[in-house]
Amino acid sequence: ERERETESTAVNGDQTSTTAIVERPRDLASPAATQPKKTQSEVSVRSSVSARTLAAPTMGTVVSHAAQGLESVPADVLQERKKTVVDLNANLILALSPAIRHLQQLKELHLVHNRLRRLPPELGSLRALAKLYLQGNLLVSLPPEMGQLTELRVLSLGENRLESLPVELCRLRKLSELYLRCNRITELPEQMDGLVSLTKLGLHRNRLSELPDAIGACSRLVFLDVSDNQLTDLPHTLHNLRALRTLVATGNPLAGLMEYLREESGTRHARRWKHWIDLVSPLPPKPTACLAPSLQPRTSCAH
């Protein structure tokens with residue numbers, strides 16, 4: 001199968017048409033950046049994983065314990081309350097301590113490729129948190145307290161075992177990017193219209209059989225990837241998404257889409273979505289195992 005571009009490329013690239021086919025978009029992992037000059041209180045980046053995924057803040061303290069084989073969060077990380085960025089990527093962490101609530105100035109938390117099975121409710125008390133990267137864990141559910149992360153703008157949850165999302169997640173009015181690829185999600189909350197700032201939504205390779213009509217109210221949505229699901233139709237409310245530039249729906253048995261195009265033939269909406277016909281898959285997608293990182297090679301379902 002051909003490699004597809006990343007979601008960031010698909011959205012920020014030079015798109016000339018309203019709908020574009022983007023080959024295998026990937027959930028964005030923690031963005032790359034160069035760390036600021038280190039002080040004694042900071043820990044140097046110890047691996048290429050951290051160097052690729054840790055974003056440098058404009059001020060505050062950055063701490064990295066990436067790729068050190070840790071099974072728990074170091075005590076010193078939880079004791080220093082002025083930290084703004086914590087990088088714990090590529091470890092063996094099984095759980096987060098409730099003491100995480102003390103990091104009230106934390107803006108970015110990187111926990112990519114660990115072994116987390118659940119998140120503590122105390123995570124919802126991090127009111128300054130803007131970016132949370134949890135892809136490549138073993139999460140089966142999310143605590144409803146995550147709906148209290150009012151400053152959250154980026155949430156990456158790809159490569160987990162999620163089957164549903166808490167309704168409370170739809171209260172995140174500042175959330176701009178939500179990546180859920182390679183999970184087991186069967187349905188989305190009807191309250192999706194609460195995500196008023198959402199611009200990028202990645203749902204590649206889940207188990208969705210339909211999309212809620214409320215998704216048409218996410219008026220700022222620019223990028224939508226629902227490829228490799230079980231969709232037989234797309235909601236008519238999608239034509240309300242005036243900002244949408246990239247729609248990826250390959251790998252779905254979208255039989256209903258042809259009927260929709262015939263019904264709307266010649267209308268403004270049909271002309272606007274004329275490329276949808278290229279997104280129709282005549283056969284259901286082939287079943288593909290999508291296991292958590294600890295159960296399969298890292299190259300499978302990678303971001």
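A salt bridge is a side-chain nitrogen of Lys or Arg lying within 4 Å of a carboxyl oxygen of Asp or Glu. In the predicted model examined here, the structure holds four salt bridges, and three of these pairs are described in turn below. Side chains of opposite charge can pair when their charged atoms come close.

Glu 151 forms a salt bridge with Lys 174, and the closest N and O atoms of this pair are 2.9 Å apart. Because Glu 151 lies in the loop between strand 4 (131–133) and strand 5 (154–156), whereas Lys 174 lies in the loop between strand 5 and strand 6 (177–179), the pair ties together parts that are 23 residues apart in sequence. Glu 151 also forms a salt bridge with Arg 153, for which the closest N and O atoms are 3.3 Å apart. With regard to accessibility, Glu 151 counts as partly exposed at 26% relative accessibility, Arg 153 is partly exposed with a relative accessible area of 37%, and Lys 174 is likewise partly exposed, its relative accessible area being 35%.

A further salt bridge is found where the side chains of Arg 205 and Asp 228 meet, with a distance of 3.9 Å from N to O. This pair links distant parts of the chain, since Arg 205 is placed in the loop between strand 7 (200–202) and strand 8 (223–225), while Asp 228 is placed in the loop between strand 8 and strand 9 (246–248), 23 residues apart. Both Arg 205 and Asp 228 are buried. Returning to the pairs of Glu 151, salt bridges that share partners join Glu 151, Arg 153 and Lys 174 into one network.

The loop between strand 8 and strand 9 also contains His 239. With a relative accessible area of 17%, His 239 falls under the 20% limit and is therefore counted as buried. The side chain of His 239 reaches the backbone oxygen of His 236 at 3.1 Å.

Attention may finally be turned to the nonpolar residues. The largest nonpolar core has 59 residues, of which Leu 119, Leu 132, Leu 142, Leu 155, Leu 201 and Leu 224 touch the most other members. For Leu 132, when its neighbours within four places in sequence are left aside, the residues in contact are Leu 109, Leu 123, Met 146, Leu 152, Val 154, Leu 155 and Ser 156. Leu 155, one of the residues in contact with Leu 132, is itself among the core residues that touch the most other members.

Technical notes:
Residues are numbered from 1 along each chain as its sequence is written. This is a predicted model: local features need pLDDT of at least 70, side-chain atom pairs count only at pLDDT 80 or more; totals for chains, interfaces and linings use all residues. Side-chain values use heavy atoms; hydrogens and water are left out. Buried means under 20% relative accessible area, exposed over 50%, partly exposed in between (1.4 Å probe, protein chains only). Helices (H or I, at least four residues) and strands (E, at least two) are DSSP runs, numbered from the N terminus. A polar contact is a pair of N or O atoms within 3.5 Å; within protein, one must be able to donate a hydrogen and the other to accept it, and residues adjacent in sequence count only if both atoms are side-chain atoms. A nonpolar core is a set of buried Ala, Val, Leu, Ile, Met, Phe, Trp, Tyr and Cys residues joined through side-chain atoms within 4.5 Å. Contact means heavy atoms within 4.5 Å.
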